[in-house]
Amino acid sequence: MHGGATSAPPPTPSNNLMCTSDAATADALSRLLHRLPPTLSSLPTRRSPPTTCPQSISFSDVQANPTLLSCASQLGLFQLTNHPIPSQLANSAESEALSLFDLPAHQKQSSVPKSWPLGFEDDDEDNGDGLGESFCLDSLCSTESTELTLTSLREFTRALEKVGMEVIELLCSSLGFQNPLGKDDPTRFSTMMWISEGLPDKKSQTAGRFYPYVVGLQYQIRSNQKYSLLADSGWLSVLPQVDSIMVTIGDIAQVWSNGKLKKVRGRPVACLGNDSKPSGRCISMSLLVTLPMDSTLSPLLQIAAIDGNDRDDDNDDEGDQIDSRCGGGEREAGRLFKSFCLEDYAWRVYHERLFFKDPLDRYRIKKQF
């Protein structure tokens, strides 16, 4: 061996990868994702999708309008016009909701009752991912502070709840099964008002923390407010009509319908645009109609006649455990989903924030060939 300084080893493949521009890599990945087949198009992408306006349905004649079921089955969302909620109430509710974000940090935690998933969350503090703050309130918009006045927000929440319950009743009757929530039994369902900060476009497709629901409702206060949401068909950018109510179909409704209805994963996220310093404040107020925590989810509509012994071999053991805990275990012909506990599922989707895979996949019954 010759003396003196030794020369550096030749570059390894990993060294070359480190020299690749981050932007170029991201752009290449984005192009790849856009070329994926439709079955994989729900993967988050870097580019914002084109903005669309949801299909409009007049609430005054919604009972005789077949478009309701069509939109729920094909897109998983629509907007209601000519509804009974006045714009003045929505604006007053938004002003009260904004006052929550003006509270000092310690008061945000102490002013709202903490009982998961209810309470205050700061994703910037918890995860460092810049997803902002959010409040999840019960149907009464209960607080622990006598200084907070949320009268309009409470009235607005109850008004949205009434609209949501009527939408659920119409969906169930259109699909041909009885509404599990009933009409006058508050023990069969619960509602949450989820108030979140708006996010820049580059982060709107990474927002997490969602909770299972039947339908979600969101009042469109401003004419230029866009939302980002993850539907079964992929990421969507939507711009509802001003003073309309955007309705999204949730995962619970999709299970009830045995897969006939499309869903929106989580809540629509208000987009601030690409400007890092937006001129105004922006929040989203989403009313979620959901079920009590101890509920068991299972299909109520059977559509495809399949062998009652068909099951997903990859998840057999896990599925049996889920069914036994929830008192299920039956595998009826035509079922596309196993019975499973809402509490287990809700905890998983809330904390894991699964975007690359549909969280309902683990409960599907796959047909054997």
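This is a predicted model: local features need pLDDT of at least 70, side-chain atom pairs count only at pLDDT 80 or more; totals for chains, interfaces and linings use all residues.
**Aromatic pairs around tyrosine 363**

- The structure contains 10 aromatic pairs, and in one of them the rings of phenylalanine 340 and tyrosine 363 have centres 3.9 Å apart and planes at 15 degrees, which makes the pair stacked because planes under 30 degrees apart count as such.
- This pair connects distant parts of the chain, since phenylalanine 340 belongs to strand E14 (residues 340-341) while tyrosine 363 sits in the segment after helix H11 (342-352), 23 residues apart.
- Phenylalanine 340 is also buried, with a relative accessibility of 0%.
- Tyrosine 363 forms an edge-to-face pair with tyrosine 345, at 5.7 Å from centre to centre and with 80 degrees between the planes.
- Because tyrosine 345 lies in helix H11 and tyrosine 363 in the segment after H11, that pair ties together parts 18 residues apart in sequence.
- Tyrosine 345 is buried, with a relative accessible area of 1%.

**Aromatic cluster**

- Trp116, Trp194, Tyr211, Trp347 and Tyr350 are joined into a cluster by ring pairs.

**Open sheet**

- An open sheet with mixed pairing is formed by 4 strands, in the order E1-E9-E8-E11.
- Strands E1 (51-52) and E11 (264-270) each have a single partner strand and stand at the edges, so one side of each has no neighbour in the sheet.
- Strand E8 (residues 227-231) pairs with E11 in the antiparallel sense over 4 bridges, and leucine 230 stands opposite arginine 265 in E11.

Methods:
Residues are numbered from 1 along each chain as its sequence is written. Side-chain values use heavy atoms; hydrogens and water are left out. Two strands pair if DSSP finds at least two bridges between them. Helices (H or I, at least four residues) and strands (E, at least two) are DSSP runs, numbered from the N terminus. Rings of Phe, Tyr and Trp (its six-membered ring) pair if their centres lie within 6.5 Å; planes under 30 degrees apart count as stacked, over 60 as edge-to-face and the rest as tilted. Buried means under 20% relative accessible area, exposed over 50%, partly exposed in between (1.4 Å probe, protein chains only).
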